[in-house]
Amino acid sequence: MKLHYFDLLSPAPVAIPNACSVISPKLKDICSIGFSAYQYYLSLLFMDMKAYFSLTGYGEAYENLSGTELAQLDLFDLLTAGENTRQLLTSALRFFIPEDIMYAKEKNCFLVCNADGSRAGTISGKNYALVCDVIRQRNHFKSAVQEDLTNIKNKKALEIAKKLKQGRAQKNAAAKPDDDMELGNIISAVAGKSQTLNLLNIWDLTVFQLWDSFFRLSSNNLYAIQSMSVAAWGDKDKHFDAASWFRRINHEP
């Protein structure tokens, strides 16, 4: 479910048929729960099977699973099986979903209800990955392309695929976080650079709107530098794009 740029920018919830709606939380909503809780919710909803096993202390067990055994496991079932992880998952979903959510143990799903009590849909193992991916997009993360290892039946091929995936994961983990791109610093940068946003009113932006504003300001700042250079020295090589100030900055495929 690839969301349109318009829907990503909108403060309104995006509806997932027969499931729920998903919001892009406002900065003031993130303040209300704390930045650490927000990060934890994202980590929980974005984790894959390997991350789950590592989190629960069974990382080695995951490496020994065959493709057939992996095919029999479902991340949603694992997260809802225990009381603690189920409560954490409920809290995370409730932060990003405006409807009322209640876990139905007998059906192993979350019942999603409108304010008037009518059923809006359900969240189960069948559509959980879709809900998480829409949450990912609304928080300005790229859609996750998960490697499906469950269809690999050959033991040797599965071993190679796991090693390749582990290598990519280790490379990503080893990458040093860029402090300049930390959310708090982006809030400060946008509030300081924007002509209309400041530290008093910026909290009404959604998190997606904040990141979009940041990248638009960065693009326009480069345009201003280039335009001043052209005004002073000319553009004999015809490299300056006068229309670059409104070029699309959202290039999700």
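Is Asn220 buried, partly exposed or exposed? In this predicted model, where local features need pLDDT of at least 70, side-chain atom pairs count only at pLDDT 80 or more, and totals for chains, interfaces and linings use all residues, Asn220 comes out as partly exposed, at 29% relative accessibility. Here buried means under 20% relative accessible area, exposed means over 50%, and partly exposed lies in between (1.4 Å probe, protein chains only). Residues are numbered from 1 along each chain as its sequence is written, and side-chain values use heavy atoms, with hydrogens and water left out.

Asn220 sits in helix H12, which covers residues 207–233. Helices are DSSP runs (H or I, at least four residues) numbered from the N terminus. Along the sequence, Asn220 and Arg247 are 27 residues apart, while in space their C-alpha atoms are 10.0 Å apart.

Next comes helix H3 and its partners. H3 (residues 35–46) packs with helix H9 (residues 128–138) at an angle of about 140 degrees, the axes being 9 Å apart. That angle makes H3 oblique to H9. For the angles, axes are lines fitted to C-alpha atoms, for helices over the stretch in contact, and values run from 0 to 180 degrees between N-to-C directions. Under 35 degrees counts as roughly parallel, over 145 as roughly antiparallel, 65 to 115 as roughly perpendicular, and the rest as oblique. On the H3 side, Leu44, Leu45 and Phe46 meet Tyr128, Cys132, Ile135 and Arg136 of H9, contact meaning heavy atoms within 4.5 Å. Sorted by class, this contact of H3 with H9 has six nonpolar, no polar and one charged residues. Ala, Val, Leu, Ile, Met, Phe, Trp, Tyr, Cys and Pro count as nonpolar, Asp, Glu, Lys and Arg as charged, and the others, Gly among them, as polar.

H3 also packs with helix H8 (residues 83–96), at about 110 degrees and with the axes 10 Å apart. This makes H3 roughly perpendicular to H8. Among the H3 residues that meet H8 are Tyr38, Tyr40 and Tyr41, and the H8 side includes Leu88, Ser91 and Phe96. The contact of H3 with H8 divides into twelve nonpolar, one polar and no charged residues.

What about the cysteines? With a disulfide taken as a pair of cysteine sulfur atoms within 2.5 Å, the count comes to zero. The sulfur of Cys20 has its closest cysteine sulfur in Cys132, 9.5 Å away, so the gap is too far for a bond. Cys20 counts as buried, at 3% relative accessibility, and Cys132 is buried with a relative accessible area of 6%.

How values were computed: Helix = DSSP H or I, 4+ residues; strand = E, 2+ residues; numbered from the N terminus.
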